[in-house]
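Here is a short report on helix packing and pockets. Please view the sequence and the model alongside it.

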Amino acid sequence: MANKTYTKLNFHSHTFCIWKEVPFAEIKDLKINYTSQSGSQYIFTPEGLYRISNHWGRVANCHWRLIPMTEFKNQNVTVAFAHWTDFYSNDDTSKLFFVKVNSETKEINFYHKLTAENHEKVVLRNAKETAKIIRTIKEVLTQEDWAKYLKYDNLETLRKEIVNELVTTSKTFLEVKKAFLG
């Protein structure tokens, strides 16, 4: 499935994008091309665009994730860049997203299906299912109550096994936990 071509005319309509924060110095000599109703400012270039904004994540009908240079807090004004090729079609009902977990840092993120490597085994979910599985994985990685009635020798090993099942299968959390009952 080929990705649609995005430009300054359509990037803001039902898209998924991962933006990378850049220093404000990178845009000091550039002119703002557009300011949205919410106050976000945009600078268009042939390669992509800069967005100056204090809100990321769910933006109108888009899912725009920010990769910050340091720890990020919504409401802080940040400038980020995205190439036109970083935009992908998005809607709330299609199974467009997959989840990746870094077991070392316990970082959980979601990606568009068109960014998956050919060798990756991914399970595609819609936006709501993706948000739910991310919440579940965060619970598994940060809490212990969910493991109360399960049989295991090492909690960290159990966490890795359960997270792997949640990421690589369509099983529910309950179905995955059942495998570890007495």
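## Basis

This is a predicted model: local features need pLDDT of at least 70, side-chain atom pairs count only at pLDDT 80 or more, and totals for chains, interfaces and linings use all residues. Numbering starts from 1 along each chain as its sequence is written, and side-chain values use heavy atoms, without hydrogens and water.

## Helix pair

Helices α1 (residues 127-142) and α2 (residues 155-168) have axes that come within 10 Å and cross at roughly 175 degrees. Helices here are DSSP runs (H or I, at least four residues), and strands are E runs of at least two. Axes are lines fitted to C-alpha atoms over the stretch in contact, with angles from 0 to 180 degrees between N-to-C directions. α1 and α2 are therefore roughly antiparallel (over 145 degrees).

In contact (heavy atoms within 4.5 Å), α1 residues including Ile-133, Ile-137 and Leu-141 meet α2 residues including Ile-162 and Leu-166.

## Largest pocket

A pocket is an open set of points on a 1 Å grid where a 1.4 Å probe fits, with protein on both sides within 12 Å along at least five of seven lines; lining residues have an atom within 4 Å of a point. The largest pocket holds about 360 Å³. Its lining has 16 residues, with Ile-108, Asn-109, Phe-110, Ile-134 and Lys-138 nearest the centre. α1 supplies the largest share, 8 residues.

## Second pocket

The second largest pocket holds about 270 Å³. Lys-95, Arg-125 and Phe-173 are among its lining residues. α1 again gives the most, with 4 residues.

Note on methods
Parallel < 35°, antiparallel > 145°, perpendicular 65-115°, else oblique. Points joined across faces, edges and corners; volume = space filled by probe spheres on them.
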